[in-house]
Amino acid sequence: MTGTDTRRPSTQGTQGADAARHTVVVPNSINMVSLLGPKDENLEIIERAFDADVHVRGNRVTIVGRPAEIALVERLLDELVTILRTGQGLTGETVERIVEMMRTEGERSGERPADVLSLNILSNRGRSIRPKTLNQKRYVDAIDKHTVTFGIGPAGTGKTYLAMAKAVQALQGKQVNRIILTRPAVEAGERLGFLPGTLSEKIDPYLRPLYDALHDMIDPETIPKLLAAGTIEVAPLAYMRGRSLNDSFIILDEAQNTSPEQMKMFLTRLGFGSKIVVTGDVTQIDLPSGTKSGLRVVEDILDEVEDISFNRLTAHDVVRHKLVGKIVAAYDVYDARGVPLSQPGRERADR
């Protein structure tokens with residue numbers, strides 16, 4: 001994009017005496033409706049996000065405001081144009097995520113928001129799975145670079161979903177021969193015995209979220225065949241004991257509900273040609289009172305071990321309904337006061 005700068009001498013309006021005017025010319029190859037959004041939805045988001053007035057005529061975008069704000073708007077427009085050039089559509093959510101990345105990271109990260117949002121992990125039935133925040137991209141990159149990767153963060157940050165997308169990508173690319181998905185079934189003691197049905201029927205509710213994610217990534221009609229052949233295995237953590245898992249992509253979900261002994265048992269299942277991803281949220285521990293969480297202590301134990309990566313995701317990385325991020329942040333503030341949630345048997349996360 002090209003632009004022309006001229007200083008605006010007027011001191012009227014909210015911009016003040018230091019206000020400037022800058023015109024950005026959007027390339028003719030870019031559809032302005034796609035850029036601005038239906039009924040100018042994206043344009044309205046831009047104007048709300050920055051202390052600047054934005055006016056559009058044809059493919060010329062004029063920005064009036066303080067030079068620093070003008071620079072941010074111009075950078076945002078450049079990111080949006082870059083995304084459109086990849087063939088992706090723009091939504092209001094995409095614009096808001098780019099603004100958030102620019103505001104929180106500034107120039108420190110060295111990575112462009114457009115590069116983050118354009119990284120295609122997996123495509124299925126016309127739908128692409130991509131990271132939506134900078135921390136998510138760093139997490140995905142860490143999975144590529146390391147044999148064992150930990151993704152730690154609150155609900156909705158995509159830590160399990162992205163790990164499963166990388167697992168399916170590795171299977172389709174013949175980097176591994178099978179995918180193993182496992183979770184600790186914290187109710188697998190006496191209380192589970194009172195439930196009706198076979199062991200498989202009792203365990204299934206704990207594994208259902210993993211099946212749901214699989215259906216997003218693989219054609220549903222092929223999943224039973226892959227499960228029957230053992231190419232994909234979904235099983236409780238207890239089933240991992242005594243095994244050596246070679247040429248596999250192994251995901252341990254809800255790892256905050258493992259004991260330190262279970263975590264050690266799981267990590268030592270690693271075989272040749274395999275990759276492990278461990279995900280969990282240390283603020284959602286459902287272990288009996290007095291039982292330590294294996295996820296809570298593992299970083300202190302393995303922090304210096306080569307080829308193991310620990311990645312933190314936060315409320316800024318929540319990719320569900322935007323209200324979920326606000327809820328997570330509000331609970332973080334509440335926990336920071338040192339007042340535990342009144343729920344018997346749940347240990348409060350240290351802050």
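This is a predicted model: local features need pLDDT of at least 70, side-chain atom pairs count only at pLDDT 80 or more; totals for chains, interfaces and linings use all residues.
**View 1. The largest pocket and its lining.** The largest pocket holds about 1100 Å³ of space. A pocket here is an open set of points on a 1 Å grid over the protein atoms alone, where a 1.4 Å probe fits, with protein on both sides within 12 Å along at least five of seven lines; lining residues have an atom within 4 Å of a point. Of the 43 lining residues, the closest to the centre are Gly-156, Thr-157, Gly-158, Tyr-161 and Val-319. Helix H9 (199–217) gives the largest share of the lining, six residues. Helices (at least four residues) and strands (at least two) are DSSP runs, numbered from the N terminus.

**View 2. The buried face of helix H2.** In H2 (residues 41–49), Asn-42, Leu-43, Ile-45 and Ile-46 are buried, meaning under 20% relative accessible area with a 1.4 Å probe, protein chains only. Down the helix axis, the buried residues of H2 fall within an arc of 160°, so they line one face.

**View 3. The aromatic pair.** The structure has one aromatic pair, that is, rings with centres within 6.5 Å. The ring centres of Phe-150 and Phe-310 are 4.4 Å apart and the planes are at 10°, so the pair is stacked (planes under 30 degrees apart). Phe-150 belongs to strand E7 (residues 148–152) and Phe-310 to strand E12 (residues 308–312), so the pair ties together parts 160 residues apart in sequence. Both Phe-150 and Phe-310 are buried.

Residues are numbered from 1 along each chain as its sequence is written, and side-chain values use heavy atoms, without hydrogens and water. Local features need pLDDT of at least 70 and side-chain atom pairs 80 or more, while totals for chains, interfaces and linings use all residues.

Notes:
Grid points are joined across faces, edges and corners, and a volume is the space filled by probe spheres set on the points. Buried means under 20% relative accessible area, exposed over 50%, partly exposed in between (1.4 Å probe, protein chains only). The arc is that of the directions from the helix axis to the C-beta atoms. Rings of Phe, Tyr and Trp (its six-membered ring) pair if their centres lie within 6.5 Å; planes under 30 degrees apart count as stacked, over 60 as edge-to-face and the rest as tilted.
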